[in-house]
Amino acid sequence: MNPPKLVLLTGATGLLGTFVLRDLLKNHLRIRAAYRNADKILSEFKNHPDIDWFKCDMVDSDTLYEATENCHTVIHTASLIKFEKSSDKNIFFTNVEGTSKLINAALFNKVTKFIYISSVTAFPAISGNHLVDEKDNWNIEPYPSYYAWSKFLAEKEIYRGEVEGLSTLILNPSSILGPGNWFEGPSLFFSETAKGNYFYPKGSGGFIDVRDLSDIITKGVLLDAFKGQFIASAWNENYRQLQNLIAKKFNKKAPSFPLEFPMSELAILFDYLQSTLFKQQRKVTRDSIRIANLKVLYNNELLTNFLNYQFRSKEETIEWVCSKYTETRHSTMLKP
């Protein structure tokens with residue numbers, strides 16, 4: 001009997017990484033789980049016999065060569081997501097150079113398959129009724145953020161790896177909904193609305209349940225034929241309606257004021273002062289507000305047809321995340 005495949009998972013302590021860990025273990029795979037902060041490793045995983053925890057710096061070539069040694073598959077979920085200009089240099093080093101170095105290490109160690117978790121932001125933000133799909137490219141309009149640009153450049157490194165012999169799969173998820181850190185990313189829709197938020201962004205976008213995305217990634221490990229590039233998005237919704245649905249679950253009044261000038265400037269100033277005073281990560285910047293006011297829709301047909309996949313419904317996902325928020329709202333750590 002052949003031993004189970006060894007899979008390297010970067011970003012193993014994040015929201016998505018934690019769910020991927022569970023799905024890989026259910027499928028009897030051995031995992032080398034890369035981390036930076038040991039305090040973020042959940043107790044259920046710390047001493048698991050099928051998980052080899054590996055302290056890893058995404059810009060350290062020597063560490064990455066060691067991390068990929070004897071691995072059959074690499075799942076690269078680690079990424080730096082920030083929208084303040086001061087972070088642009090770190091975003092490039094982590095998202096672009098880090099991915100490039102990981103590709104080099106995977107090629108050197110003869111990794112069979114490389115699965116990269118990109119973002120729908122790597123596609124153009126075409127507003128209106130157009131459904132953005134895998135054929136859209138960045139000749140259409142400029143990037144809405146440096147983060148989006150970094151994901152696009154990182155994808156070029158994945159394609160370089162493919163040319164040099166790697167089997168590659170690029171997944172472009174939309175906003176990932178799940179019970180993670182309630183103070184950043186899409187989780188803010190839940191934590192802010194639960195507090196009785198009065199404001200809503202005017203844009204729209206795609207969403208996917210973290211459980212669905214984790215399941216799709218696991219299929220990428222198990223199915224050799226699952227390769228190429230796919231948008232991973234379950235449904236589209238405007239942000240006001242999303243907040244209305246969440247507010248209803250929390251018995252709160254739905255937001256009634258659009259987040260636009262001059263209130264947007266006041267929100268940016270307040271967030272800046274709060275983040276400076278309490279040394280917190282910025283949540284509201286001009287880039288983040290501009291992105292939140294874009295009206296973008298995504299087409300998931302390529303992935304749905306390839307896997308014959310049935311995504312969880314909007315209602316099921318919102319119900320689940322709201323219930324998890326109620327249970328874990330006092331914690332910044334994931335507690336599924």
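Colleague: Which residues are linked in a network of salt bridges?

Modeller: A salt bridge requires a side-chain nitrogen of Lys or Arg within 4 Å of a carboxyl oxygen of Asp or Glu. Here Glu157, Arg160 and Glu164 are joined in such a network. Within it, the side chains of Arg160 and Glu164 meet at 3.2 Å, N to O. This is a predicted model, in which local features need pLDDT of at least 70 and side-chain atom pairs count only at pLDDT 80 or more, while totals for chains, interfaces and linings use all residues. Residues are numbered from 1 along each chain as its sequence is written, and side-chain values use heavy atoms, with hydrogens and water left out.

Colleague: How is the accessibility of Arg160 and Glu164 to be classed?

Modeller: Relative accessible area sets the class: buried is under 20%, exposed is over 50%, and partly exposed lies in between (1.4 Å probe, protein chains only). Arg160 has a value of 24% and is therefore partly exposed. Glu164, at 47%, is also counted as partly exposed.

Colleague: How many salt bridges does the count come to?

Modeller: The count by this rule is 12. One of them joins Glu44 to Arg22, with the closest N and O atoms 2.7 Å apart. This pair links distant parts of the chain, since Glu44 belongs to helix α2 (residues 43-46) and Arg22 to helix α1, 22 residues apart. Helices here are DSSP runs of H or I with at least four residues, strands are runs of E with at least two, and both are numbered from the N terminus. Glu44 is partly exposed at 43% relative accessibility, whereas Arg22 is buried at 18%.

Colleague: Where do Lys26 and Asp23 lie?

Modeller: Both are in helix α1, 3 residues apart, which is about one turn of the helix. Lys26 is exposed, its relative accessible area being 61%; Asp23 is buried at 15%.

Colleague: Which residues have the most contacts inside the largest nonpolar core?

Modeller: A nonpolar core is a set of buried Ala, Val, Leu, Ile, Met, Phe, Trp, Tyr and Cys residues joined through side-chain atoms within 4.5 Å. The largest has 53 residues, and Leu21, Trp53, Ile75, Phe190 and Ile216 have the most contacts inside it. Helix α1 (residues 15-26) gives the most to this core, with 6 residues. A second, separate core of 22 residues includes Ala34, Phe54, Cys56 and Ala106. Contact in general means heavy atoms within 4.5 Å. Apart from neighbours within four places in sequence, Leu21 touches Leu9, Ala12, Ile31, Ala33, Phe45, Ile51 and Trp53.

Colleague: Why is strand β7 described as largely enclosed by the rest of the structure?

Modeller: In β7 (residues 167-173), 7 of the 7 residues are buried, so the strand is largely enclosed by the rest of the structure. Ser167, Leu169, Leu171 and Pro173 point one way, and Thr168, Ile170 and Asn172 the other, all of them buried. Strands count as paired if DSSP finds at least two bridges between them. β7 pairs in the parallel sense with strand β5 (residues 113-117) over 5 bridges, with Phe114 opposite Thr168. A parallel pairing over 5 bridges also joins β7 to strand β11 (residues 228-232), where Gly228 stands opposite Leu169.

Colleague: In which sense do β10 and β12 pair, parallel or antiparallel?

Modeller: The sense is antiparallel, over 4 bridges. Gly206 has Asn236 in β12 as its bridge partner. Ser204 belongs to β10 (residues 204-209) and is buried at 10%. Leaving aside neighbours within four places in sequence, Ser204 has contacts that include Glu237, Asn238 and Tyr239.

Colleague: What are the buried residues of helix α8?

Modeller: In α8 (residues 239-249) they are Tyr239, Leu242, Gln243, Ile246 and Ala247. Seen down the axis, they fall within an arc of 135° (taken from the directions from the helix axis to the C-beta atoms), so they line one face of the helix. At the start of α8, a side-chain oxygen of Asn238 comes to within 3.3 Å of the backbone nitrogen of Arg240. After the helix comes Asn251, with a positive phi near 55°.

Definitions and conventions:
Polar contact = N/O pair within 3.5 Å; in protein donor to acceptor, adjacent residues only side chain to side chain.
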